[in-house]
Amino acid sequence: MSVASVPFSLGRLGLIAGNTFLEAVRQKLFLFLLLLAIGLVASALFFREFNFGSSELKFIADFGFGALIFFGSALTIATTAQLFFSEIENRTALTLLAKPLWRAEFVFGKFLGVFAVIGVFCALTIGLMMALLYHREGQLMAQTPEAFEAGRLISYGDLLVVGLLQWLKFGVLTAIVLLIASFSNTNLFTVVTGFFVLVICHLQYLARDAWGNVDNALIGLVVQAMSLIFPNFQLFNLADEIGQGSGVDGDVALRVAGYGLAYIAVIGGLAVYSFRNREI
Amino acid sequence: MRTGLVVVLGLIAAGIALRPLEGPAWEKIQAKQPQLRLESLKDALGQGVTVGLLGGFRAIVADLFWIRTNAVWEENDLPGTQTSIKLVTAIDPRPLYFWLNGSRMIAYDMPNWRIDKAGGYDVVPEAVKRRFDEEQSKVAVNYLNNGLDFHPDNPLLVLEIANVYLNRLKDVETAAKFYRQASEHPDAPYYAARIYAELLRRLERREEAYAFLTKLHPTLPPDNMMAQAVVVLDRIRELEDELNVPAVKRYRDPNGTPTPPPRMPGLDVDVSDLLPAPVAP
């Protein structure tokens, strides 16, 4: 039976996603990075001694998001590449794709499996950070009640929104790594390229700002193309607004979420297209 | 090759299609976070600032660079300290602490380092010392003005600019202008207005100082120690004496403190001392 004769199945996609999720959580890398992130978030109370500028609660929130972003990015890139190439290297991809299975089901199944793992990572890290902030804020409220006359300073709803947006950003990153893996021959190449793309996506806004100042038309065109090719990851960086008095703007959060979901669909689709043209 | 081209074109098309969704959100984010602008980073790019820009650990990276700044500062390394100060605020421009202390290092310490390097206080001519002061003060004021891009509603940076003009450049006129600007802010510390009035007195603009203080005094909460309403009232009285304000035109304290009669010119006694004592009923 050929792929063309069977309709696209969410059930098969779910099976691949579930299998990918189980494989991922069994990996030592996942546990290692999860423990590191949790350890770092928990140690924020000790690191606050280094803090010179921001308020203590803001510092703890920054530190927690720092751990989430740093280890979350490492986990996303490494896990996606490893799980994709383990199927290729162990030849299980050959067995799977010989069956009536769409390559789109395979790619999006992998995506959803990794996305779920990253979701668990984000939930645990954010949950711990919120608990830590709540505990410390409670202590500070007891020590200096006059500073909290208007109630709690930290908006825990905003923390959740920023956590969700970070998860979406990791989703876009997962799709990007899958796209790279769809044409790459080695795990190492995928991981290294994935990290470079991560840095470019975080800094692409600088290229966009610089575009207006470039005199050479050709270079200007290249810079503009770069800013269009790579998604803007700084857009997801709303954590700075937490504890600054203004809070997260709902309209901005919705737009960013839409932007992330659209990019996941587009880059995922391109990964499927690229993977369909690949000889396994 | 064809696959690669399709992928690149697909990404460009997605970038163009999503711009209307991204643009307004990005504008709002940039407006709230001026550090996400190229001009905010041009002094610091390529010096490890990427670590901070990647979104995580901004606060801790800036704190660690601040420790490094202090280490370089202890060695009186002018270019190193100046670069390091700018790097810290490029990574994390949110804490005022960095802006205030960085500008103090630039304005107050660095001229001394330059004088030492040029041979010491006894050797360097006054004109050269003055030039060092002016150059470093200019750098500090520019730095504080950059800080105002990130903290436009904060009067402490304006006060720091005023302090540089007053304490380092001895430019009372410009300092007064900035103290006034700071005092007009709703969150300004009370002393900003008091210093402004004192500087007006120093500039021999007593009428202006008197008019300013008489407008200021009724706005001061009498029970707030920081507001120093009593001190302000004392200064109003001093100015009334200096300006020979007639008794009927003297400022009346809304809190009920009796208006003292004018002092006799040339005598260091109150006119009331010369009046006959009230007759007991």
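Let me start with where the two chains meet: in this predicted model, 45 residues of chain A are in contact with 39 residues of chain B. On the side of chain A that touches chain B, at least two residues each come from α4 (56–89), α7 (156–183), α8 (187–211), α9 (217–229) and α10 (250–276). Which of these helices gives the largest share? That is α10(A), which supplies eleven residues. If we sort this side of chain A by class, we find 27 nonpolar residues, together with twelve polar and six charged ones.

Now let me step back to chain A as a whole, which has ten helices and zero strands, so that is, reading from the N terminus, α-α-α-α-α-α-α-α-α-α. Its C-alpha trace spans about 75 × 50 × 30 Å along the principal axes, and of the 280 residues in chain A, 46% count as buried. If we take the contacts in chain A between residues at least 6 apart in sequence, then 83% of them join residues that are at least 24 apart.

Finally, I would like to look at one residue in chain B, namely B:Lys129, which sits in helix α7 (residues 126–150) of that chain. Why does B:Lys129 count as partly exposed? There are 16 other C-beta atoms within 10 Å of B:Lys129, and because a buried residue needs 20 or more and an exposed one has 12 or fewer, this residue falls in between. Leaving aside residues up to four places away in sequence, B:Lys129 touches B:Ile115 and B:Val124. As for B:Pro111, which is 18 residues away along the chain, its C-alpha atom is separated from that of B:Lys129 by 7.6 Å.

Definitions and conventions: Residues are numbered from 1 along each chain as its sequence is written. Chains are lettered from A and ligands numbered from 1 in the order in which they are written. This is a predicted model: local features need pLDDT of at least 70, side-chain atom pairs count only at pLDDT 80 or more; totals for chains, interfaces and linings use all residues. Helices (H or I, at least four residues) and strands (E, at least two) are DSSP runs, numbered from the N terminus. Two residues are in contact if their C-beta atoms, placed from the backbone, lie within 7 Å. Ala, Val, Leu, Ile, Met, Phe, Trp, Tyr, Cys and Pro count as nonpolar, Asp, Glu, Lys and Arg as charged, and the others, Gly among them, as polar.
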